[in-house]
Amino acid sequence: MSKVKVASNRITIDPITRLEGHGKIEIFLNDQGKVDRAFFQVPELRGFEQFTRGRPAEDMPQITSRICGVCPTAHHMASAKTLDDLYKVDPPPTAKKIRELVYSTFMVEDHALHFYFLGGPDFVVGPSAPAAERNVLGVIGKVGVEVGKKVIAMRRRLRDVISSIGGKVVHPVLGLPGGVAKRVTPEMQANCQEVATDAIAFATFTLQVFNDIVLANKDYVNLIVSDAFTHKTYYMGQMDANNHPNFYDGSIRVVSPEGQEVANFAAQDYLEHVAEHVEPWSYTKFCFLKSVGWKGFTDGPESGIYSVAPLARLNAADGMATPLAQKAYEQMYETLGGKPAHHTLANHWARVIELLYAAERMKELADDPELTDPNIRTLPTETPREGVGIVEAPRGTLFHHYVTDDRGVIEKANLIVATQNNSARIAMSVEKAAKGLVTRDKVSDGLLNMVEMAFRAYDPCHACATHSLPGSMPLLVSVRDKDGKPLHTLRRDFDGTVHHA
Amino acid sequence: MHECCSARLLCLGNDLLADDAFGYVAAEELRQRMPYDVEVVFTANTGIGLIDHLGQATLLVVIDTVVTGSADPGTVHVLDEGDLSSVPGGSPHYIGLFETLALGRKLEMAMPDRLVIVAVEASDNMTLGGEMHPAVRAALPVVLERVTELVSARRKIPCA
């Protein structure tokens with residue numbers, strides 16, 4: 001049922017669309033029939049520019065958050081910040097705190113779900129476990145039903161906090177240019193404090209689960225630091241004034257593969273630092289650092305490829321802003337042998353550390369006496385023209401950029417989503433896995449697992465990763481020689497069984 | 001938590017994305033036609049987010065679009081949960097409806113006795129502000145009929 005497109009010396013792995021997200025892996029063979037190059041492509045929405053043109057900029061927090069059902073809160077916040085910049089208006093301190101509180105709550109939820117339910121099959125269940133167990137039920141089998149219930153209950157309470165402050169949980173309506181729509185009452189604050197306290201306990205417990213199940217297993221640690229999952233690239237993340245990651249606001253810091261700061265810029269200057277490379281065979285745009293330049297799909301200090309997401313944020317930072325997260329941060333780099341850590345799979349670890357930070361930050365904000373201050377909006381008075389806003393989405397740095405006429409009607413809108421920032425490095429990860437496993441006449445079963453693990457660690461956002469029908473990602477790998485003659489076919493079905501033909 | 005009801009029609013999609021608006025359009029129609037004890041829900045939620053909408057119903061009908069690539073746009077697929085392998089293997093990202101359902105059962109949450117999927121083959125779910133394909137739109141009466149049949153034939157089992 002999968003779609004397979006084969007050019008003369010090209011392999012396409014095209015999971016059936018619209019089931020679980022639609023990532024496509026293309027493997028190009030050379031004249032010798034060996035893997036020349038492999039790419040991971042993420043489908044992108046079409047028509048964004050056209051759809052937004054002519055609409056009032058104030059609608060953008062709602063429109064952009066409705067594009068994607070996965071991280072609407074990230075788009076909503078990036079968009080609200082872009083409107084602040086567009087109207088040159090500085091929200092009152094309480095409004096910023098309310099926004100960051102909602103955002104921290106969202107980050108706790110998203111990171112927790114990823115660790116237990118999405119990344120869990122790789123590390124909690126284990127990379128070598130039978131295919132039939134490498135799923136969410138396998139995770140519950142390993143951590144126990146009570147822990148599963150705890151995750152679901154925590155999620156529910158976090159979402160209730162987002163709903164009570166943000167209006168709606170799936171598509172929040174909180175952010176306005178210059179502030180927020182609704183103040184926090186003392187009752188809401190008390191509830192936030194209670195949930196935040198429990199979120200810290202939950203995150204601490206989750207870190208313990210990671211220690212007990214993943215770090216206690218030498219094989220897992222060896223896999224994390226193995227060469228197959230290692231790339232020495234630049235790293236980017238949004239930092240506070242102390243160079244500690246901040247998901248909601250700050251400046252964008254970039255460090256080199258050796259860990260030296262090479263850039264630290266305000267949102268408005270992003271185009272001076274980030275450029276997009278286009279390959280003729282792909283609609284995916286590959287982001288790179290302008291100052292270093294595009295040198296192809298290669299790592300090292302000469303190549304402008306960078307990455308975002310949890311590990312990149314921690315690599316780009318000097319430490320964490322909260323005490324428990326700082327302790328976990330130190331432990332991670334000590335174990336991995338220093339900073340920056342170039343091991344893609346360490347993203348899972350970094351995500352748990354960020355989960356802890358988000359919970360601690362949530363508590364700090366919930367405890368802030370200023371949170372219930374009624375001054376939550378600065379009214380815009382400037383004529384709009386151009387605005388840029390950035391947040392750290394769970395999956396990495398998210399850029400929004402709007403240009404309007406003087407009535408605030410959108411003329412041009414550009415988004416760079418986290419996965420776009422990561423696209424070149426994800427492609428390299430997939431290529432490394434493919435090169436190790438694919439030859440002219442054989443595609444190893446392990447390819448699918450290795451390739452999936454490589455890109456899952458980044459938690460890539462599939463624009464159309466929408467709902468419903470069966471869970472697994474059916475894959476069809478068809479290897480053809482350079483004349484297009486089929487040599488080998490490998491198909492994995494919904495139930496995880498692999499067939500050769 | 002949802003109140004107890006004997007049937008829920010869960011319409012999925014995104015009304016901004018061309019054929020993906022089908023779920024939204026179907027929900028609007030179904031709200032006009034269904035008896036009082038049938039709950040009609042539209043959501044753009046995905047993956048584990050669907051767990052909020054699965055519980056406390058005897059019959060759950062999911063109305064959605066799908067791109068299998070093996071049928072013409074507008075083709076209506078009707079699948080019972082039993083028609084599909086229950087627990088899929090490792091997934092690249094996001095857990096789907098069936099995994100969410102299996103998770104809910106494993107965690108002893110109230111899950112529906114019967115799940116039926118009514119999905120329309122879409123041609124384009126990726127164009128923001130795109131028009132719905134005429135054949136997809138034309139499938140609406142067929143879907144309404146199938147859903148009505150399912151609701152009429154549902155077992156009258158009180159919710160737990």
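## Basis of the description

The model is predicted: local features need pLDDT of at least 70, side-chain atom pairs count only at pLDDT 80 or more, and totals for chains, interfaces and linings use all residues. Residues are numbered from 1 along each chain as its sequence is written, and chains are lettered from A and ligands numbered from 1 in the order in which they are written.

## Chain A overall

Chain A has 15 helices and 19 strands. These are DSSP runs numbered from the N terminus, with helices being H or I of at least four residues and strands being E of at least two. Of its 501 residues, 58% count as buried. A residue is buried if 20 or more other C-beta atoms lie within 10 Å of its own, exposed if 12 or fewer, and partly exposed in between, with C-beta atoms placed from the backbone.

Among the contacts in chain A with a separation of 6 or more, 70% come from residues 24 or more positions apart. Two residues are in contact if their C-beta atoms, placed from the backbone, lie within 7 Å.

Two packed helices are described by the angle between their axes and the distance between the axes. Here axes are lines fitted to C-alpha atoms, for helices over the stretch in contact, and angles run from 0 to 180 degrees between N-to-C directions. Angles under 35 degrees count as roughly parallel, over 145 as roughly antiparallel, 65 to 115 as roughly perpendicular and the rest as oblique. A crossing is left-handed if the near helix is turned anticlockwise from the far one by less than a right angle, and right-handed if clockwise. For residue classes, Ala, Val, Leu, Ile, Met, Phe, Trp, Tyr, Cys and Pro count as nonpolar, Asp, Glu, Lys and Arg as charged, and the others, Gly among them, as polar.

The axes of α3(A), residues 72-86, and α4(A) come within 10 Å and cross at roughly 155°, so the two helices are roughly antiparallel. Their crossing is left-handed. On the α3(A) side the contact involves A:T73, A:M77 and A:A80, which meet A:R99, A:V102, A:Y103 and A:F106 of α4(A). This contact has 5 nonpolar, 1 polar and 1 charged residues.

α4(A) also pairs with α7(A): their axes come within 10 Å and cross at roughly 155°. The two are therefore roughly antiparallel, and the crossing is left-handed. Residues of α4(A) including A:L101, A:V102, A:T105 and A:F106 meet residues of α7(A) including A:M154, A:L158, A:V161 and A:I165. The contact divides into 14 nonpolar, 2 polar and 3 charged residues.

Helix α7(A), residues 145-166, and helix α8(A), residues 186-215, have axes that come within 10 Å and cross at roughly 150°. They are therefore roughly antiparallel, with a left-handed crossing. From α7(A) the contact uses A:M154, A:R157, A:L158, A:V161, A:S164 and A:I165, and from α8(A) it uses A:M188, A:N191, A:C192, A:V195, A:A199 and A:F202. By class there are 9 nonpolar, 2 polar and 1 charged residues.

## Two covered helices

Helix α6(A), residues 136-143, has 6 of its 8 residues buried, so it is largely enclosed by the rest of the structure. The buried residues are A:V136, A:L137, A:G138, A:V139, A:I140 and A:V143. They pack against α4, α5, α7 and α8 of chain A, together with α2 (97-106) of chain B. A:G144 follows α6(A) and has a positive phi, near 100°.

Helix α13(A), residues 347-367, reaches 30 Å from its first C-alpha to its last, close to the 30 Å expected at 1.5 Å a residue. The expected span is 1.5 Å times one less than the number of residues. Of the 21 residues of α13(A), 19 are buried.

## Backbone details in loops

A cis peptide bond joins A:K339 and A:P340, with omega about -5°. A:P340 is found in the loop between α12 and α13 of chain A.

A:A309 is not a glycine, yet has a positive phi of about 95°. A:A309 is found in the loop between β11 and α11 of chain A and is buried, with 31 other C-beta atoms within 10 Å. In chain B, B:A18 has a positive phi near 45°. B:A18 is found in the loop between β1 and α1 of chain B and is buried, with 24 other C-beta atoms within 10 Å.

## A strand residue in chain B

B:L9 is found in strand β1(B), residues 5-12. B:L9 is buried, with 25 other C-beta atoms within 10 Å. Not counting residues up to four places away in sequence, B:L9 touches B:L30, B:M34, B:V38, B:V40, B:V61, B:I63 and B:V147. The C-alpha atoms of B:L9 and B:V40 are separated by 4.8 Å, although the two are 31 residues apart along the chain.
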